[in-house]
Amino acid sequence: MIKVDADLCLGCKSCSNVCPSQKIVCTDTGEMRSLHWKRCKEECDLCLEFCPGRALALVPYDESVPEPEVSFELVACKICQSRYATEPMLRRIESTLPANMQKDSYGLEWIRVCPLCRRNIEAQRATRQMVLRRSRKRA
Amino acid sequence: MPVYIDISRCIGCRSCEVACQRVHAGSGHINVHFVGDLASFPIFCHQCEEAGCVMACFSGALRKDEEKRTVFDAEKCTGCDLCRLACPFGVIWTDKIAHKCDLCQGREQPVCVTTCPANALSTNFQQASRRARSRAACIAASGGGR
């Protein structure tokens, strides 16, 4: 059976993706993500091995122990408000990026913007440059 | 081998998107974004030298090869989503595994480049550099200023 350390769990659904018997269920409902580890007797530790937070442990099978469940509030994008990640995942990114990528005046605020909005910002930036060039040509 | 883009040439036909999906079993890695009616701009992996996705990947599925390309090993990917969140350009997406530009490994040229009917995409550094120089020269000749 799997024991979960909720403080270490990132809510990333790695375990749910790698479980060969689909015993780890991840459900995203609007603002929340919940992960549910069903009772498991398999001799397999793929989920342990592939947990980025090292939050899982194997414990002896016990009917009386309730099935572990963890839920997270999904973080809303600062621009479009769509829910795109869990707070521990974003914290994890912040801690893995080297200091020189965190030094600019905006720090790590960009992590709070969802990937789609990041692409839109990039497209708008490039377009501004081009439109400027075009207007120069006409003038 | 990065892919260079000349945005003033992009006609927004989205051929690159289709071609990319065709060679990657329906899961493409390039997105054409439209900025009002003004412009279209394909956004894809920049092959960052200091790649956030590689730093965030805990399973070793994303790594840098000898030629500084970011290579992806689907076998090792767990679909944890961390690379998607660590990409400043937002070009990685995940379902059960991550989907990221591999510069069409095994092909001579990335298929987006060979498909683009407007020659907006290229892997030709000389050409990209020549175009950039001529743009700058144009502006300088017309009086400069920003």
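A residue counts as buried if 20 or more other C-beta atoms lie within 10 Å of its own. By this criterion, buried residues make up 27% of the 139 residues in chain A. The model described here is predicted.

Chain A contains four helices and six strands. Along the sequence, these elements follow the pattern β-α-β-β-α-β-β-β-α-α. The radius of gyration of chain A is 21 Å. The globule rule gives 14 Å for 139 residues, and the value for chain A is well over this, so the chain is more spread out than a compact globule. The C-alpha trace of chain A spans about 80 × 30 × 25 Å along its principal axes. Contacts between residues at least 6 apart in the sequence of chain A were also sorted by separation. Of these, 66% join residues at least 24 apart.

Chain B is divided into two parts: domain 1 (2-44 + 101-146) and domain 2 (47-88). The C-alpha centres of the two domains of chain B lie 23 Å apart.

The two chains touch each other. The contact takes 31 residues from chain A and 32 residues from chain B. On the side of chain A that touches chain B, helix H1 (14-18), helix H3 (87-96) and helix H4 (115-138) each supply at least two residues. H4(A) provides the largest share of this side, with 14 residues. By class, the side of chain A that touches chain B has 18 nonpolar, six polar and seven charged residues.

The largest nonpolar core holds 62 residues. The members that touch the most other members are A:Cys47, B:Cys53, B:Leu82, B:Cys83 and B:Cys112. Helix H3 (residues 82-86) of chain B gives the most to this core, namely four residues. Both domains of chain B take part: the core draws at least three residues from each of domain 1 (2-44 + 101-146) and domain 2 (47-88).

B:Leu82 has contacts in both chains. Neighbours within four places in sequence are left aside here. In chain A, B:Leu82 is in contact with A:Cys12, A:Pro52, A:Met89, A:Arg92 and A:Ile93. In chain B, the contacts of B:Leu82 are B:Ala56, B:Cys57 and B:Phe58.

Backbone angles were examined next. Most residues other than glycine have a negative phi. B:Asp81 has a positive phi of about 85°, although it is not a glycine. B:Asp81 lies in the loop between strand E5 (70-72) and H3 of chain B. B:Asp81 has 25 C-beta neighbours inside 10 Å and therefore counts as buried.

A:Arg54 also has a positive phi, of about 50°, and is not a glycine. A:Arg54 is found in the loop between helix H2 (46-49) and strand E4 (56-58) of chain A.

Helix H5 (residues 125-141) of chain B has 17 residues. From its first C-alpha to its last, H5(B) reaches 24 Å, close to the 24 Å expected at 1.5 Å a residue. The number of buried residues in H5(B) is zero, so this helix lies largely in the open. Just after H5(B), B:Gly143 takes a positive phi of about 110°.

Definitions and conventions
Residues are numbered from 1 along each chain as its sequence is written. Chains are lettered from A and ligands numbered from 1 in the order in which they are written. This is a predicted model: local features need pLDDT of at least 70, side-chain atom pairs count only at pLDDT 80 or more; totals for chains, interfaces and linings use all residues. A nonpolar core is a set of buried Ala, Val, Leu, Ile, Met, Phe, Trp, Tyr and Cys residues joined through C-beta atoms within 7 Å. A residue is buried if 20 or more other C-beta atoms lie within 10 Å of its own, exposed if 12 or fewer, and partly exposed in between; C-beta atoms are placed from the backbone. Domain bounds come from an automatic or database domain assignment. Two residues are in contact if their C-beta atoms, placed from the backbone, lie within 7 Å. Ala, Val, Leu, Ile, Met, Phe, Trp, Tyr, Cys and Pro count as nonpolar, Asp, Glu, Lys and Arg as charged, and the others, Gly among them, as polar. The radius of gyration is taken over C-alpha atoms; the globule rule is 2.2 Å times the number of residues to the power 0.38. The expected span of a helix is 1.5 Å times one less than its number of residues.
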